[in-house]
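Here is a short note for a colleague who is opening this structure for the first time. The points below are meant to be read beside the model.

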Amino acid sequence: MRKIKPWLSAMRLRTLPLSVSGIILGTCFAYYNGHFSWWVLVLAILTTISLQILSNLANDYGDSINGADNDERVGPQRAVQSGEITPDEMLDAIKFNIIVVIILTLSLIWAAFGPTNFLFLLLFLFLGGISVYAALNYTMGDSPYGYRALGDVFVFIFFGHISTIGSYLLYMHSIDHVVVLPAIALGLLSVGVLNLNNMRDLNADANVGKITIAVKLGIDRAKQYHFFLIIGAMLITILFSILYYVELYNFLYLLAFVPLLMHIKKIKAAKSPDDFDSQLKILALSTFLFALLLGVGYILY
């Protein structure tokens with residue numbers, strides 16, 4: 001029983017709503033276009049959650065081994081850093097999680113395509129493979145990309161495009177331009193969550209040689225970059241609604257702009273790592289709300 005709490009902490013459950021935002025968005029647009037499957041939805045969510053947990057466990061292990069998790073770090077203490085979970089135990093959990101991801105990925109591909117659509121089968125096997133690679137190598141390995149200011153690029157691609165467009169493809173068996181702008185907007189907001197985390201850890205990361213965009217820019221320009229991400233996502237979504245307008249429900253997502261605008265105001269005034277940390281959950285949940293309302297706005301008719 002003593003092990004349950006540190007394992008739940010290592011899984012970082014608060015990141016899971018953000019991870020499924022693209023699945024919800026892609027599913028809603030597929031439903032609007034007349035294609036939906038409960039099996040695909042459930043398996044897609046489970047696969048995405050298992051990948052996010054794999055990434056979180058790998059980050060806990062990698063940052064602890066590489067020294068990024070230390071006494072200077074703000075936010076919840078990591079499991080390996082605290083000593084409540086040993087590095088070997090975390091490695092075993094990572095290996096087990098990889099097996100779970102493989103099983104769920106194969107089940108999802110079969111539910112979506114069956115024995116036909118061989119090219120799509122190969123595509124999603126490839127996407128599953130690079131998703132596991134991305135989850136592991138953010139902070140693990142000889143040259144983790146999270147230590148080379150590439151985390152933002154990977155988050156933009158995986159949380160925005162692969163999650164949204166990929167889930168749409170699972171239902172539709174084709175790619176449609178209608179999901180491109182929403183995928184970009186969601187990708188920008190997801191990068192905003194990562195940038196917020198990196199602004200919080202800027203000093204600690206710089207001291208151990210973990211180079212992030214925030215470390216490269218410095219706190220003032222990292223804030224400007226953050227505003228560009230959030231406001232850019234909002235403007236792209238407004239453009240999308242104008243181009244693909246059907247009815248007033250399509251603007252339902254504007255409700256999510258309220259917490260996003262309040263978040264921008266808070267970040268502008270932020271002075272300390274604790275100020276950034278307090279906004280992490282708010283931005284992650286606002287992004288989830290944004291994706292949900294944008295998607296639902298196209299299936300209410």
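This is a predicted model: local features need pLDDT of at least 70, side-chain atom pairs count only at pLDDT 80 or more; totals for chains, interfaces and linings use all residues.

**Notes on the aromatic pairs and the overall fold**

1. F29 is buried, with a relative accessible area of 1%.

2. A search of the whole structure gives 17 aromatic pairs. In one of them, the ring centres of F29 and Y298 are 5.4 Å apart and the planes meet at 50°, so this pair is tilted. F29 belongs to helix α3 (residues 21-32) and Y298 to the segment after α14 (273-296), so the pair ties together parts 269 residues apart in sequence. Y298 is also buried, at a relative accessible area of 3%.

3. Ring pairs join F29 and Y298 with Y32, F240 and Y244 into a cluster.

4. The rings of F113 and F124 have centres 5.4 Å apart and planes at 45°, so this pair is tilted. It links helix α6 (residues 87-113), which holds F113, to helix α7 (residues 118-137), which holds F124; the two residues are 11 apart. F113 is buried at 4% relative accessible area, and F124 counts as buried at 11%.

5. The protein has 14 helices and zero strands. Its radius of gyration is 19 Å, close to the 19 Å that the globule rule gives for 301 residues, so the protein is as compact as a globular protein of that length. Of the 301 residues, 53% count as buried.

6. Among contacts between residues at least 6 apart in sequence, 78% join residues at least 24 apart.

7. The protein carries 19 positive and 19 negative side chains, and the centres of the two sets are 5 Å apart.

Definitions and conventions: Residues are numbered from 1 along each chain as its sequence is written. Side-chain values use heavy atoms; hydrogens and water are left out. Helices (H or I, at least four residues) and strands (E, at least two) are DSSP runs, numbered from the N terminus. The radius of gyration is taken over C-alpha atoms; the globule rule is 2.2 Å times the number of residues to the power 0.38. Buried means under 20% relative accessible area, exposed over 50%, partly exposed in between (1.4 Å probe, protein chains only). Contact means heavy atoms within 4.5 Å. Lys and Arg count as positive and Asp and Glu as negative; His and the chain ends are not counted. The place of a charge is taken as NZ of Lys, CZ of Arg, CG of Asp or CD of Glu. Rings of Phe, Tyr and Trp (its six-membered ring) pair if their centres lie within 6.5 Å; planes under 30 degrees apart count as stacked, over 60 as edge-to-face and the rest as tilted.
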